Amino acid sequence: MFKYFEPNKIFSITSRAPKYVLLLFIIIFSIGLTEALILSPEDYKQSHSVRIMYVHVPASWICLGIFSSITFLSVIGYIFKIRNFFLISKSLAPSGFVFNIVSLVTGSIWGKPTWGTWWAWDARITSMLILLLFYILYLVAWRIYDNKDKVFKVTTVITILGIINVPIIKYSVDWWNTLHQPASINILSKSSIHISMLYPLLIMTAAFALFSLLIFLMKYNTELIKIKNKGLDRL
Amino acid sequence: MYGRKVKLRFFYIFIIFLILSLTIFLTLKSLEENVIYFQSPTDVKALAEIDKKKIRIGGMVKKKSILIKEKEVKFVVTDFKNEINVIYSGLIPNLFAEGKGVVAEGFLKDKSLFLATKILAKHDENYMPPEVKAALEEK
């Protein structure tokens, strides 16, 4: 299985794939934006301000998903000493970080017209802010440690610390009284969001996922070039 | 199947994870009072004594309970078990309405009267177009 992780094979993919991903992203993103901003209906209660949801919710999902992936890859990479997994994690982190900021900022903009406040220290919002701090810790760790073995250990510990926060974010709205509303989309039970609003949401999620993939491929490509140029620093 | 070192690292990670989860769980458990954003009328009723501190209460705005007199708004917050009367003057968020969620920040006068200094609307997780809402109400 590990022979598919050969740098040369990966490099031939990562250097060619971004332009196709970019094209696909532009198509899906345009469809998503038209659906979300023009075609989808307004909400019965929030009217047009509901449209912020189509950016806010996908951004939150993606940033949680990326953090979970980073943790998974780091832990597996640490246990089995697979250096490549750490490079994948490192390349994934920036887009997760950016989407975390997007989630907090759009949430704040959405909070003003609906709740009547920009910010509230409730469990959901605070735990999301803590996730952002973990993203910062993670990214900074890669900058300050030169020793590869050390940076692998440190980032693994940071992700383990951070991953405990992820279920707290998910269930904060069920466990405690929060200002933030509970989840509208449930896999097991019926979703409390109308189908005409669910489609744009899913298209936007696909668009954001493609954007993360694009940034990831570009970042990962750079990492591979660095390794090629150094020569010594094998995977 | 795997080497001793691999197993060792696996258990090491596992134990770190376990200890950290336990620590965070216990911390949150003991800080629960601070983690919750607001108290329900039932929580308020269960309070041993009325604090002078600023607190937040939340629940539904009882149907047909909103009274607007000049700049003052009076309404009843309910969790369908207990109720609290709220008096407030100031800006009201757009989504503040009868039968909808609300969070009020302020001071308890006594167990049935709350003087609010700020009101936040708490909206629910239901999203639908107005036509669908109208259709649902017709049923």
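Helices (H or I, at least four residues) and strands (E, at least two) are taken here as DSSP runs, numbered from the N terminus. On this basis, chain B of the predicted model follows the pattern α-α-α-β-β-β-β-β-β-α along its sequence, with four helices and six strands. Residues are numbered from 1 along each chain as its sequence is written, and chains are lettered from A and ligands numbered from 1 in the order in which they are written. Local features of this predicted model need a pLDDT of at least 70 and side-chain atom pairs count only at pLDDT 80 or more, whereas totals for chains, interfaces and linings use all residues.

The predictor assigns the complex an ipTM of 0.84 and a pTM of 0.89. The pLDDT (the predictor's confidence in each residue, from 0 to 100) averages 86 in chain B, where 99% of the residues score at least 70.

Along the principal axes, the C-alpha atoms of chain B fill a box of roughly 75 × 45 × 25 Å. A residue is called buried if 20 or more other C-beta atoms lie within 10 Å of its own, exposed if 12 or fewer, and partly exposed in between, with C-beta atoms placed from the backbone. Buried residues form 26% of the 139 residues in chain B.

Strand pairing (at least two bridges found by DSSP between two strands) links β4(B) to two other strands. Strand β3 (residues 72–78) of chain B pairs with β4(B) in the antiparallel sense over seven bridges, and Val86(B) in β4(B) is the bridge partner of Phe75(B). These strands, β3(B) and β4(B), form a hairpin with four residues between them, and Phe80(B) in the turn has a positive phi of about 70°. With β6(B), strand β4(B) pairs in the parallel sense over four bridges; here Ile87(B) stands opposite Leu115(B). The covered face of β4 (residues 83–89) of chain B carries Ile84(B), Val86(B) and Tyr88(B), while Glu83(B), Asn85(B), Ile87(B) and Ser89(B) belong to the uncovered face.

A nonpolar core is a set of buried Ala, Val, Leu, Ile, Met, Phe, Trp, Tyr and Cys residues joined through C-beta atoms within 7 Å. The largest such core has 79 residues, and those with the most contacts inside it are Met204(A), Val77(B), Val86(B), Val102(B) and Ala104(B). Helix α3 (residues 53–80) of chain A gives the most to this core, with 15 residues.

Contact between two residues requires their C-beta atoms, placed from the backbone, to lie within 7 Å. The contact between the chains takes 33 residues from chain B and 35 residues from chain A. On the side of chain B that touches chain A, the elements giving two or more residues are α1 (4–30), β6 (113–122) and α4 (130–138), and α1(B) supplies the largest share, nine residues. This side of chain B has 22 nonpolar, six polar and five charged residues; Ala, Val, Leu, Ile, Met, Phe, Trp, Tyr, Cys and Pro count as nonpolar, Asp, Glu, Lys and Arg as charged, and the others, Gly among them, as polar.
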